[in-house]
Amino acid sequence: MRYAEGPSTHREVRISADPARVWEILADVEAMAGWSPELVEVEWQGGATSPAAGARYVGHNEHPVNGSWRTVAHFTEFEPGRTLAWCVLDIDGRYGRPAEDPEHRMATWSFTLAPDGDGVVLRQSVTIGPGRSGLSAYIERTPEREEAIIAYRFEELGRGMDATLEGIKGAAERREG
């Protein structure tokens, strides 16, 4: 796994709930701050109040080692009931030049829903790069450890995705029951 190759990972969960209910919870981006170990606050921009193609929000993030930082999430795909995707931009220039252009994204995140019997399979995915991110400085300091650095970060992100997916699952199944 090399950063320049745009490595990715994903997690998924089966949810015993109506797909429309799962989508409703998924589209409540503010709720993600309650489940994600890094995203702590969502601040919508430009009059947006929910996901839509082109909508943006400032994400306030925290990490025990890397401290606090802001990003902009720019929604690139929005197909109700099926797909939600956004890229993450370094608006403050924490890792290089500030990025407003999705071509310089730090990462791309997505959710996809697939019908499955009386419920859905919800998948969350992340692809890192191609723009600079928090991993860039670590890799530059110890390039011989690049694959291990990426693998470690994917373990962290995987735990966060598991927590988010379980939060969505719990909220959807509670209402269905």
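Is Arg-123 buried, partly exposed or exposed? With a relative accessibility of 30%, Arg-123 counts as partly exposed. The notes below concern a predicted model.

1. Sheet. The 7 strands form an open sheet in the order E1-E7-E6-E5-E4-E3-E2, and the pairing is antiparallel. Its edges are strand E1 (8-15) and strand E2 (39-44), each of which pairs on one side only. On average, neighbouring strands are turned by 25 degrees against each other, direction ignored.

2. Strand E7. This strand (residues 119-128) has 7 of its 10 residues buried, so the rest of the structure largely encloses it. E7 pairs with E1 in the antiparallel sense over 8 bridges, and Val-121 of E7 is the bridge partner of Arg-14. Towards E6 there are 10 bridges, again with the strands running antiparallel; Thr-127 in E7 stands opposite Thr-108. The hairpin of E6 and E7 has 2 residues between the strands, and Gly-117 there takes a positive phi near 60 degrees.

3. Strands E5 and E6. Strand E5 (residues 83-89) is joined to strand E6 (residues 107-116) by 6 bridges, and the two run antiparallel. Thr-108 in E6 is also the bridge partner of Cys-87.

4. Asp-90. This residue lies in the loop between E5 and E6. Asp-90 is buried yet has no salt bridge, and the nearest side chain of opposite charge, that of Arg-94, is 7.0 Å away. The side chain of Asp-90 does reach the backbone nitrogen of Arg-94, at 3.0 Å. Beyond its neighbours within four places in sequence, Asp-90 is in contact with Tyr-95, Gly-96, Arg-97, Pro-98, Ala-99 and Met-106.

5. Salt bridges from E1. The model has 14 salt bridges. In one of them, Asp-162 pairs with Arg-11, with the closest N and O atoms 3.2 Å apart. This pair links distant parts of the chain, since Asp-162 is in helix H4 (residues 146-176) and Arg-11 in strand E1, 151 residues apart. Asp-162 is partly exposed at 34% relative accessibility, and Arg-11 is partly exposed at 26%. Glu-12 forms a salt bridge with Arg-123, the closest N and O atoms being 3.1 Å apart. That pair joins strand E1 to strand E7 across 111 residues. Glu-12 is partly exposed, with a relative accessible area of 46%.

6. Other salt bridges. Glu-140 and Arg-132 form a salt bridge whose closest N and O atoms are 2.5 Å apart. Glu-140 is exposed, with a relative accessible area of 51%, whereas Arg-132 is partly exposed at 36%.

Terms used. Residues numbered from 1 in each chain as written. Predicted model: local features only at pLDDT ≥ 70, side-chain atom pairs only at ≥ 80, totals over all residues. Heavy atoms only, no water. Pairing = 2+ DSSP bridges. Helix = DSSP H or I, 4+ residues; strand = E, 2+ residues; numbered from the N terminus. Axes fitted to C-alpha atoms, helices over the stretch in contact; angles between N-to-C directions. Buried < 20%, exposed > 50% of the residue type's maximum accessible area, 1.4 Å probe, protein only. Lys, Arg positive; Asp, Glu negative; His and termini not counted. Salt bridge = Lys/Arg side-chain N within 4 Å of Asp/Glu carboxyl O. Polar contact = N/O pair within 3.5 Å; in protein donor to acceptor, adjacent residues only side chain to side chain. Contact = heavy atoms within 4.5 Å.
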